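Here are my notes on this one, as numbered points. Have the model open while you read.

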Amino acid sequence: MKKVLLHLMLVSTIAFSVSSCKKTATTDVPATDEISAETKAKIAQLGFGTSDVKKTEDGYLVEGDINLTDELLNSTPSQMLVRVGNAEQYRTTNLITPAAGRVYTILVSNLTSAFEQGTDLAIARYNALGLKFTFQRITSGTPDITVLGFNQRPRGGYITLGSSGFPTSTGAPYNTIKMNTNAQAYGTNPDVKYVGSVLQHELGHCIGMRHTDYYDRSISCGGATSNEGASTIGAILIPGTPSAATLAAASWMLACSNGGDRTFNSADVTGLNYLYK
């Protein structure tokens, strides 16, 4: 089964980004950037592992799928992670604060039709829930969220599919989703449902959702038990969601995707309704 890791990015003192998808790859390009002891100490202070740190264009990739920006890395942690049990759904400390009927616009910039159609699919799935806000794709103007492309080959045995971030302290959604245009990510003829599922996950991070199995990524990713760790971002139980994350439950916010179509399960809907209906 093809696995896809979803990538996190921290963007301010308590604003965290998430979601980059990764999948196992046959071609591995090792990272050659040397990470200083000082940088590793800052990463450890935020509560993340330092055994496999990679430099990215805007920060450092830790624990396989979490991107810590330079801004966050040099900030002073002000709020520690809150974890309650092994619950199915977790949110960040910061959430978006939409007024009823708020429309958040999304612009897909310089990407192929598969990414436009995937964005439309993700938007339709959120809008069908009847939340207090909706998403709308626009083709010009200034959007709330921009979907951009980047081209990156496999690194460390995985290829990043996409990345995004968590809401700001002022209640705005994270404003950028990056999708990998390398052929080893989605192929030369991307499946729209696969692309749409990744975008759906990344939008989840933009509005404040953490990985369902953040406390044990092996649930969806396999391998050894791996906790995404304490941080300033928060991992707060959403009331009414199940007591444990499982691969079979197929939450849209599992850390690793199966490389295909994955949408909301009933617990996901419960969590979104609790926060935003």
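1. Quick one to start: is the crossing of α3 and α5 left-handed or right-handed? The crossing of α3 and α5 is right-handed; a crossing is called left-handed if the near helix is turned anticlockwise from the far one by less than a right angle, and right-handed if clockwise.

2. Ground rules before going on. This is a predicted model, where local features need pLDDT of at least 70 and side-chain atom pairs count only at pLDDT 80 or more, while totals for chains, interfaces and linings use all residues. Residues are numbered from 1 along each chain as its sequence is written, and side-chain values use heavy atoms, with hydrogens and water left out.

3. Back to that helix pair. The axes of α3 and α5 sit 7 Å apart, at an angle of about 55°, and that makes α3 oblique to α5. Axes here are lines fitted to C-alpha atoms, for helices over the stretch in contact, with angles running from 0 to 180 degrees between N-to-C directions. Under 35 degrees counts as roughly parallel, over 145 as roughly antiparallel, 65 to 115 as roughly perpendicular, and the rest as oblique. Helices (H or I, at least four residues) and strands (E, at least two) are DSSP runs, numbered from the N terminus.

4. For the contacts (heavy atoms within 4.5 Å), look at the α3 side, including A114, F115, L121 and Y126. Their partners in α5 include V192, V195, L199 and L203.

5. N189 is in the loop between α4 and α5 and counts as exposed, at 68% relative accessibility. The cut-offs are under 20% relative accessible area for buried, over 50% for exposed, and partly exposed in between (1.4 Å probe, protein chains only).

6. Now the largest nonpolar core, with 37 residues. The term means buried Ala, Val, Leu, Ile, Met, Phe, Trp, Tyr and Cys residues joined through side-chain atoms within 4.5 Å. F135, M179, Y186, I207 and L272 have the most contacts inside this core. Among the elements supplying at least two residues each are α3 (113-127), β10 (133-138) and α7 (266-276), but the largest share, six residues, comes from α5.

7. Last, the one disulfide (a pair of cysteine sulfur atoms within 2.5 Å) in the structure. C221 and C256 form it, with sulfur atoms 2.0 Å apart, and the link is right-handed, with 95° about the S-S bond. C221 lies in helix α6 and C256 in strand β16, so the pair ties together parts that are 35 residues apart in sequence. C221 is buried at 14%, and C256 is buried at 1%.
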